[in-house]
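Dear colleague,

Please find the structure below, handed over for your review.

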Amino acid sequence: MDNQERIIVIDFGGQYNQLIARRVRECSVYSEVYPHTISMDEILSINPAGIIFTGGPNSAYLPESPSISRDIFELGIPILGICYGAQLMAHLLGGIVDTAPTSEYGRTEVKVERSSKLFSNVGPETIAWMSHTDYIAQTPEGFRITATTPVCPVAAMEDENRKFYATQFHPEVNHSVEGQKVIENFVYNVCGCKGEWKMSSFAEDTIAQMKEKIGDGKVLCALSGGVDSSVAAVLLSKAIGKQLTCVFVDHGLLRKNEGDEVEAVFGPEGPYDLNFIRVNAAPRFYDKLAGVKEPEQKRKIIGEEFIRVFEEEAKKIGAVDYLVQGTIYPDVIESGLGKSATIKSHHNVGGLPDYVDFKEIVEPLRLLFKDEVRAVGRELGIPEYLVSRQPFPGPGLGIRIIGDVTEEKVKIVQDADFIYREEISKAVEKWRAGEMDGRLKGSLLEADADNRKDAYPEWLPDQYFAALTNMQSVGVMGDGRTYDFAIALRAVGTSDFMTADAIHLPWEVLDIVTNRIVNEVKGVNRVMYDCTSKPPGTIEME
Ligand code: XMP
């Protein structure tokens, strides 16, 4: 290993494992996630400045639960345990972990001890995210309690001498209001990191590495038009030009006009020097999906059909040396460590096309999180509308149509979604022109007109889309009765997509969107607004 400063995250099966690494990277310290089976020798060879134990769904005191050698506490490396990680630390060091008399779930007020290095700049009472049914009933010897809640006697504990820290709450999620401060305090105050990790030279270094690795080899890339595969394709095209062929499968489940937009950027009329193949495969996907209602089955069908189409194109191209994948770090963690509970199977994760004749996979973005990928995209000069594109799921509109998918339903959801996006863009422009009230995103102040030119209003969601509910209801149009579908509008604010809140879009925007959808989209007579946060809802409806 090089001597780059790093903090490692040891995964015990929690939902938020990768978020922790991301939060550390936000402190400009490189961080990676490892499974809990990592050996002590491996840890020593990595030489981390600190170690973080993640949460997890198990009980630390059960013999079959994920654990780690007690030797980890002899390495002299600072450790922060979070949730299950905190309980495991307590259990392994001789404390008592038990079922809590009262479980805690959700936003909770926590009283913290500000003499702790972990909480020195945190308010004495702070809101943090709790999610546990076990608790630390007794701290191990040498530890003091540094935070409590009304029902949790050990919301945090520490042994400052040995540099062991633990929080029952999750500092890594946005719901913990001062969570990032806690992470920073661990990284800088406890581990003594300097924070020198930077993204700026990533693109340049990667292009040079790819050039050297690939030489005059042939490379194939499955391009979806999403941020990850677009950035990967541009990196490769800058490294090896026409030795790269991109195959774009239009599965007929894209947003309105999206296929043409992708072609305009990557096709022969676009600015990049690469071979581009667009496959219009919509009928095949609609055939396979006919009558299928179950969400996981729909995902599997779309994923498999995608692979079949790609396979056929690859056969036409013949043997290639490398296959490019736009895999990013969250995909690596999710598919590589595999211990977290499956909520949804994201079809573009870990699905290696083993039928294509190639020597090796190249994954230039493998170590980056989404916002880091966007930063590289901007450095490469990729158009902003592509770089800042909201996330769009691999199975596309297939999972935004509840129940079975038909060409007609795809058209309905495309048209409704287009209107929704168009009206939000118009509203942002209106807000920028000072014609709508609203705070500046990320600020507590009302925005004056001068401050709005390149800014965004607070109500702009991080992800928003229309979905087609499978519900038909009665309406009246003109003098006639209608019996048509209801469209659901979703708008969420999130920075990590693991948790999300429903956004309060201005009523005037919803009003226009609703009117336009019921008037312009045939087959729709009702529009509903989804007010559910995640959890308990998910962002997509399937
Ligand atoms: P959920 O619905 O799980 O979504 O709350 C979280 C984020 O992931 C996106 N998503 C997917 N992305 N393939 C993808 O590439 C998928 O199958 C998939 N399902 C959900 C979703 O749009 C949101 O940003």
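The notes below concern ring pairs and charges over rings.

This is a predicted model, in which local features need pLDDT of at least 70 and side-chain atom pairs count only at pLDDT 80 or more, while totals for chains, interfaces and linings use all residues. Residues are numbered from 1 along each chain as its sequence is written, and side-chain values use heavy atoms, with hydrogens and water left out.

Rings of Phe, Tyr and Trp (its six-membered ring) pair if their centres lie within 6.5 Å; planes under 30 degrees apart are stacked, over 60 edge-to-face, and the rest tilted. By this rule there are 11 aromatic pairs. One of them joins Phe 53 and Phe 73 edge-to-face, at 6.2 Å between centres and 70 degrees between planes. Phe 53 belongs to strand S3 (residues 50–53), whereas Phe 73 is in the loop between S3 and strand S4 (79–82), 20 residues apart; strands are DSSP runs of E, at least two residues, numbered from the N terminus. Phe 53 has a relative accessible area of 0% and Phe 73 one of 7%, so both are buried (under 20%; exposed is over 50%, partly exposed in between; 1.4 Å probe, protein chains only). Ring pairs also link Phe 12, Phe 53, Phe 73, Tyr 84 and Phe 164 into a cluster.

Two charged ends sit over rings (CZ of Arg or NZ of Lys within 6 Å of the ring centre and within 35 degrees of the ring normal): Arg 400 over Phe 465, 3.8 Å from the centre, and Arg 432 over Tyr 456, at 4.8 Å.

Terms used: Helices (H or I, at least four residues) and strands (E, at least two) are DSSP runs, numbered from the N terminus.
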